Amino acid sequence: MIKNVPNSPQHKTWVGARGGKSTVLPHFLQNLRYIQSTTDVAKLQTSLNLSLSRALHVYGDHIALLADTGVPPLNLIQYTHLAQLQFRLTKTQSDTLPATLFKTFNKSLALSNLHPSTLDYHIWNSLHQLHIDPLVDPLPHMVTLPHKSRERAYRNLLCTTISTLWRMDLLNQAPLHLPHTKASYIHIAHDDLQRRDLFKPAQYLCSHLDQLPLLRLRTQATSYIPSYLHLANDHTYTPYDQRYCTSCLLIQIVGNELRTLLHCPHSSPLSHPAILSLTRAVHRSDLCSWSLHTPLQQTAILLGSSPPKLLRKHDKA
Ligand SMILES: [Zn+2]
């Protein structure tokens with residue numbers, strides 16, 4: 001299900017994140033389609049999150065970690081596995097014994113007729129969740145092609161469907177004006193999340209950039225940004241709007257990414273060398289100049305996002 005990252009030179013540096021993903025994932029995806037209880041899938045998701053954190057040594061926010069490394073939530077992956085199974089049973093290998101049995105037992109397509117403990121129920125439920133009409137061939141133009149090509153094309157089609165559902169879910173978690181750590185990741189990664197295929201990692205993880213430190217910053221696994229510090233010195237929880245910039249305590253302003261990297265008189269000078277080289281880079285690449293990006297876009301670019309225009313070019317390529 002998870003596609004391999006092409007083995008080109010610029011991808012070779014992505015050893016950390018790619019290695020982590022490919023060691024961790026197969027174990028969780030192997031029998032995913034046979035797990036029936038949503039609680040069990042949720043438990044599996046918790047262990048996947050932990051394994052990914054351990055493999056990468058990035059102990060940050062899981063939503064951000066999954067989104068940046070391109071690992072969709074298991075419940076969505078499960079839908080695609082079941083939809084692929086239905087495709088195989090009804091479209092590509094419909095003359096086999098399992099396919100004949102499936103057809104016989106599923107004459108009526110109503111979910112209410114099926115027992116929730118059956119695989120058939122979960123197949124129909126997945127199609128329902130993915131808004132797929134089981135009677136329509138999703139790839140009518142490929143009917144004459146070999147099974148393998150049709151199954152691969154269907155898998156790619158499902159990747160796009162899942163990416164859309166997942167993206168909607170992520171963006172819904174972050175209303176624009178809600179100051180919160182999760183919302184803050186979504187706002188920063190907003191343009192990265194527009195990539196068509198969210199099964200691919202964010203662009204910066206496929207580049208020559210120093211990936212793991214950036215991943216740690218983006219998943220809020222560091223203490224450099226005051227708004228990432230949930231606990232005060234006495235181990236009590238600090239609400240987001242009270243996580244002040246520690247160098248500007250007199251004016252009590254939330255020390256979020258934007259403040260720390262761009263505006264704080266104490267910490268922002270540290271970003272100057274990076275800003276200088278980024279200003280030159282956007283100029284060289286004939287992109288919109290650095291000063292024309294919004295402060296949020298500038299923060300996102302400092303944290304590894306590609307400039308919005310460049311992202312669109314990559315996605316088309
Ligand atoms: Zn400050």
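Select helices H5 and H8 to begin: their axes come within 10 Å and cross at roughly 150°. Angles over 145 degrees count as roughly antiparallel, so H5 and H8 are roughly antiparallel to each other. Their crossing is right-handed. Keep in mind throughout that this is a predicted model.

Now show the side chains where these two helices touch. From H5, pick Leu76, Thr80, Ala83, Gln84, Phe87, Arg88 and Thr92. From H8, pick His147, Arg150, Glu151, Tyr154, Arg155, Leu158, Ile162, Leu165 and Trp166. Coloured by class, the contact of H5 with H8 shows eight nonpolar, four polar and four charged residues.

**The whole chain**

Zoom out and colour by secondary structure. Among contacts with a separation of 6 or more, 64% join residues 24 or more positions apart.

**H4 against H9**

Next, select helix H4, residues 62-69, and helix H9, residues 181-189. The axes of H4 and H9 come within 10 Å and cross at roughly 20°. Angles under 35 degrees count as roughly parallel, which means that H4 is roughly parallel to H9. H4 passes H9 in a right-handed crossing.

On the H4 side of this contact, show Ile63, Ala64, Ala67 and Asp68. On the H9 side, show Lys182, Tyr185 and Ala189. These contact residues divide into five nonpolar, no polar and two charged.

**Along H9**

Stay on H9. Which of its residues are buried? They are Ser184, Tyr185, Ile186, His187, Ile188 and Ala189.

In soluble globular proteins, nonpolar side chains tend to be buried together. Here, the largest nonpolar core has 23 residues. Select Leu52, Ala67 and Tyr185, which have the most contacts inside this core. The elements giving two or more residues to the core are helix H2 (15-29), helix H3 (38-56), H4, helix H5 (74-92), H9 and H13. H4 gives the most, with five residues.

Centre the view on alanine 67. Not counting residues up to four places away in sequence, alanine 67 touches Leu170, Ala189 and Leu193.

For the second, separate core, select Leu82, Phe87, Trp124 and Leu158, which are among its twelve residues. Phe87 and Leu158 also take part in the contact of H5 with H8 where the tour began.

**Leucine 303**

For the last stop, go to leucine 303, in the loop between helix H13 (295-302) and helix H14 (308-316). Is this residue buried or partly exposed? A buried residue needs 20 or more other C-beta atoms within 10 Å of its own. Leucine 303 has 19 within that distance, so leucine 303 is partly exposed.

Then show what leucine 303 touches: Ile188, Leu214, Leu217, Arg218 and Glu257, leaving out residues up to four places away in sequence. Ile188 is one of the buried residues of H9. Finally, draw a line between the C-alpha atoms of leucine 303 and arginine 218. They are separated by 6.8 Å, although the two residues are 85 residues apart along the chain.

Terms used:
Residues numbered from 1 in each chain as written. Predicted model: local features only at pLDDT ≥ 70, side-chain atom pairs only at ≥ 80, totals over all residues. Axes fitted to C-alpha atoms, helices over the stretch in contact; angles between N-to-C directions. Helix = DSSP H or I, 4+ residues; strand = E, 2+ residues; numbered from the N terminus. Parallel < 35°, antiparallel > 145°, perpendicular 65-115°, else oblique. Left-handed = near helix turned anticlockwise from the far one by under 90°. Contact = placed C-beta atoms within 7 Å. Nonpolar A, V, L, I, M, F, W, Y, C, P; charged D, E, K, R; others polar. Core = buried A, V, L, I, M, F, W, Y, C linked by C-beta atoms within 7 Å.
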